[in-house]
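Biologist: I am new to this structure and would like to go through it step by step. Please show it first.

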Amino acid sequence: MHKLFDLTGKTALITGSARGLGFSYAQGLASAGANIILSDLHQEPLNEAVNKLKAKGYKVTGYVIDVAKEEQIINVFNLMDKDGIHVDIVINNAGIQHRQPMVELELKDWQRVVDIHLTGTFLVSREAAKRMIARKSGGKFINICSLTSEQARPTVAPYTAAKGGIKMLTKSMAAEWGQFNIQANAIGPGYILTDMNEALIKDEAFDNWVKNSNPTKRWGKTEELIGTAIFLSASSSDYINGQVIYVDGGWLAVL
């Protein structure tokens, strides 16, 4: 049974992984045996995250990547090629939020959110898939969806549009790359206790709404996503493709 979830010898790239959910995914996959590639926008937090994992005995490296910049992504993959690093698993986790009514929303703010979430997922996945297909090695993609891949809320239109797009991009990846033994699936976290949600957590009205709007009556914890990430990274999910698994405490079940 353990072999179904064993990632020994696999290399996983997790974008936006210096902290928060990305770092949690990285720790989880490392604990299952994977070699880890962290990435982040900034060098200092990236170095701190790399050192934390190395201190636990994990094999890890890090690259500064802005997933909204195509040239930078291509350059990093070329560097990994030169270093003999072959990516087997990609978790497209990098993301930002911008809260504003649509009638006040500027194009640059819309574009930045969509570029990082949706276009960034496409660009990183394209470069990784090219190499997986050429090596005939197969591979795993885990994209990060959201409850807003299914339902909308006010003031987060660009995030909602991007997350809906990621759901369909995941299906497109499965449709095109399944023949190469590549599986593309997604995780849809519910309301999770993360830095990105700090303002919402501190908002008493919103906090009460979250706790009263799902059957578990609480926020999710970052570690509660690790099992799903390992499952979708391992051989246990080899015949699962194009799916979104919602880890939301039952939130979507009761709307």
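Biologist: How many bridges join β6 to strand β7?

Modeller: This is a predicted model, in which local features need pLDDT of at least 70, side-chain atom pairs count only at pLDDT 80 or more, and totals for chains, interfaces and linings use all residues. Residues are numbered from 1 along each chain as its sequence is written, and side-chain values use heavy atoms, with hydrogens and water left out. Strands (E, at least two residues) and helices (H or I, at least four) are DSSP runs numbered from the N terminus, and two strands pair if DSSP finds at least two bridges between them. Strand β7 covers residues 244-247 and runs parallel to β6, and the number of bridges joining them is four.

Biologist: Which residue of β7 is the bridge partner of G188?

Modeller: The pairing of β6 with β7 can be followed residue by residue. I187 has I245 as its bridge partner in β7. For G188, the partner in β7 is Y246.

Biologist: Which residue in β6 is the bridge partner of I144?

Modeller: Strand β5 (residues 139-144) runs parallel to β6, and six bridges join them. With helix α5 (residues 157-177), the strands β5 and β6 make a right-handed β-α-β unit (right-handed: with the strands pointing away from the viewer, the path from the first strand over the helix to the second runs clockwise). The bridge partner of I144 in β6 is I187.

Biologist: What is the strand order of the open sheet?

Modeller: The sheet has seven strands with parallel pairing. β3 (60-64) and β7 stand at its edges with a single partner strand each, so one side of each has no neighbour in the sheet. The order is β3-β2-β1-β4-β5-β6-β7.

Biologist: What does the twist average from one strand to the next?

Modeller: Axes here are lines fitted to C-alpha atoms, for helices over the stretch in contact, and angles run from 0 to 180 degrees between N-to-C directions. Helix α2 (residues 43-55) lies across β2 (35-40) and β3, at about 170° to β3. From one strand to the next, the twist averages 20°.

Biologist: Are the residues of strand β6 buried or exposed?

Modeller: Buried means under 20% relative accessible area, exposed over 50%, and partly exposed in between, with a 1.4 Å probe and protein chains only. In a regular strand the side chains alternate between the two faces of the sheet. In β6 both faces are covered, with I182, A184, A186 and G188 on one side and Q183, N185, I187 and P189 on the other. Eight of the eight residues in 182-189 fall under the cut-off, so the strand is largely enclosed by the rest of the structure and its residues are buried.

Biologist: Why is the pair of Y191 and W219 called edge-to-face?

Modeller: Rings of Phe, Tyr and Trp (its six-membered ring) pair if their centres lie within 6.5 Å; planes under 30 degrees apart count as stacked, over 60 as edge-to-face and the rest as tilted. The structure holds eight aromatic pairs. In this one the centres are 5.9 Å apart and the planes stand at 85°, so the pair of Y191 and W219 is edge-to-face.

Biologist: How many residues apart are Y191 and W219?

Modeller: Y191 is in the loop between β6 and α6 (198-202), and W219 is in the loop between α7 (204-212) and α8 (226-233). Y191 is buried at 17% relative accessibility, and W219 is buried at 5%. The pair links distant parts of the chain, and the separation is 28 residues.

Biologist: Is the relative accessibility of F206 that of a buried or an exposed residue?

Modeller: The rings of F206 and W219 have centres 6.5 Å apart and planes at 45°, so this pair is tilted. Ring pairs link F206 into a cluster with Y191, W209, W219 and W251. At 13% relative accessibility, F206 counts as buried.

Biologist: Which residues does S24 touch, not counting those up to four places away in sequence?

Modeller: S24 is in helix α1 (residues 20-31) and counts as buried at 7% relative accessibility. With contact meaning heavy atoms within 4.5 Å, S24 touches T222, E223 and I226.
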